[in-house]
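Visitor: I would like to go through this model term by term, and to hear on what grounds each label is given.

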Amino acid sequence: MTVKTIGVIGCGLMGSGIAESCARSGFNVIVGELNETFLASGMNRLQKSLNRAVQRHKLEADAAAAAWARISGTVDLQDFADADLVIEAVSENLELKQSLFKTLDAVLRPDVIIASNTSSISIAALAAITQRPHKVLGMHFFNPVPVMQLLELVRGILTSDETMAFAAAIGARLGKTTVVAKDSPGFIVNRLLIPFLIDAIRVYEAGLASKEDIDNGIKLGLAHPMGPLTLCDLVGLDTTLAVADVLYEEYGEPRFKAPPLLRQMVAAALLGRKSGQGFYDYSR
Ligand SMILES: NC(=O)c1ccc[n+]([C@@H]2O[C@H](COP(=O)([O-])OP(=O)(O)OC[C@H]3O[C@@H](n4cnc5c(N)ncnc54)[C@H](O)[C@@H]3O)[C@@H](O)[C@H]2O)c1
């Protein structure tokens with residue numbers, strides 16, 4: 001199938017990055033949000049990211065303008081009727097995603113593939129809501145999407161070979177390297193990353209070292225591009241907590257159990273970069 005228009009639902013941290021990547025790769029993009037306020041702020045984030053890419057000489061100004069011109073926004077799911085692929089990137093909540101998949105299933109052409117960017121929710125649980133379970137898969141991008149090379153493709157129990165091949169081809173068009181994972185919580189990367197991140201929070205919570213020293217220790221000692229607490233702030237503490245909870249519920253292993261400090265910070269809306277304050281202050 002020729003893909004001209006990709007629908008991206010949710011224009012937060014990930015959705016705006018997915019939309020930007022798709023537009024930069026030549027696809028027309030329609031982004032959907034809950035209301036006009038969230039849509040405006042998502043589009044604003046997207047435009048800033050394009051401008052930043054130009055300033056950093058990663059993108060020509062003409063290409064940024066052309067990408068921007070390919071993107072439109074809506075708050076009405078009916079506007080996705082002509083999309084050739086939809087990637088869902090709304091908040092990490094099963095009921096929310098299931099209700100969205102049900103509506104999308106009714107709105108989209110029957111041949112259209114629906115992908116979820118979920119970090120931890122079962123693809124089978126989303127596919128089962130639709131009349132097209134073989135056309136549902138996980139396309140799990142990494143933040144910041146326009147920069148990060150990896151795309152995890154998640155195969156649900158009913159996902160067809162054709163759907164996997166289609167998603168791999170889209171991934172290649174987006175310039176990503178794809179890896180395939182089974183539909184198990186955390187897939188490959190988060191299954192290994194989350195215990196590491198929450199262990200870093202435990203080390204900080206126990207007062208074993210300062211946040212700067214924890215981050216520098218890992219950054220310089222293991223040659224990671226950033227320390228784990230900085231990475232928590234980038235991912236979003238709410239997302240980190242939600243994924244840890246799902247992993248703990250599924251596997252029941254203490255290494256996946258969220259530390260109290262993480263829960264308290266989320267309750268206090270200290271979510272990291274997106275709220276201006278997490279382990280570090282981003283308000284200035
Ligand atoms: N943050 C990460 O590093 C990361 C990485 C990979 C995958 N993910 C996954 O991506 C998804 C989105 O995460 P995020 O970090 O972008 O969260 P976010 O909170 O930044 O964005 C979610 C957006 O979804 C919107 N939304 C909620 N309900 C909606 C609806 N019914 N219709 C349209 N829009 C709606 C919200 O208004 C918000 O703008 C989650 O499933 C998360 O697990 C996150």
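Guide: Let us start from a loop: P144 lies in the loop between strand 6 and strand 7, and the model in which we find P144 there is a predicted one.

Visitor: What makes the peptide bond that joins N143 and P144 a cis bond?

Guide: The omega angle of the bond between N143 and P144 is about -5°, and the bond is cis. As a background to this, most peptide bonds are trans.

Visitor: Why is G73 called buried?

Guide: G73, which lies in strand 3 (residues 71-74), has 20 other C-beta atoms within 10 Å. A residue is buried if 20 or more such atoms lie within that distance, so G73, with its 20, is counted as buried. In space G73 is 9.6 Å from G7, C-alpha to C-alpha, although 66 residues separate G73 and G7 in sequence.

Visitor: How do you know whether H57 is buried or exposed?

Guide: The limit for an exposed residue is 12 or fewer other C-beta atoms within 10 Å; H57 has 7 of them, and is therefore exposed. H57 sits in the loop between helix 2 and helix 3 (61-69), and its phi is near 60°, a positive value in a residue other than glycine. Most residues other than glycine have a negative phi.

Visitor: Why does A269 count as exposed?

Guide: A269 has 11 C-beta neighbours inside 10 Å, and because the limit is 12 or fewer, A269 counts as exposed. A269 is placed in the segment after helix 11, and has a positive phi of about 60° although it is not a glycine.

Visitor: What puts the buried residues of helix 11 on the same side of the helix?

Guide: The buried residues of helix 11 (residues 260-267) are L262, M265 and V266. They cover an arc of only 100° around the axis, which means that they lie on the same side of helix 11. On the other side of helix 11, P260, Q264 and A267 are exposed.

Visitor: What makes strand 7 and strand 8 a pair?

Guide: Strand 7 (residues 150-155) and strand 8 (residues 177-182) pair in the parallel sense over 6 bridges, with V154 opposite A181 in strand 8. The chain passes from strand 7 through helix 6 (residues 161-173) to strand 8, in a right-handed β-α-β crossover.

Visitor: Which residues come nearest to the ligand?

Guide: Of the 29 residues around the ligand, G10, G12, L13, M14 and S119 come nearest. The shell around the ligand divides into 13 nonpolar, 13 polar and 3 charged residues, and draws at least three residues from each of domain 1 (5-182) and domain 2 (191-275).

Terms used. Residues numbered from 1 in each chain as written. Predicted model: local features only at pLDDT ≥ 70, side-chain atom pairs only at ≥ 80, totals over all residues. Near = placed C-beta within 6 Å. Nonpolar A, V, L, I, M, F, W, Y, C, P; charged D, E, K, R; others polar. Domains from an automatic or database assignment. Pairing = 2+ DSSP bridges. Helix = DSSP H or I, 4+ residues; strand = E, 2+ residues; numbered from the N terminus. Right-handed = clockwise from strand over helix to strand, strands pointing away. Arc of directions from axis to C-beta.
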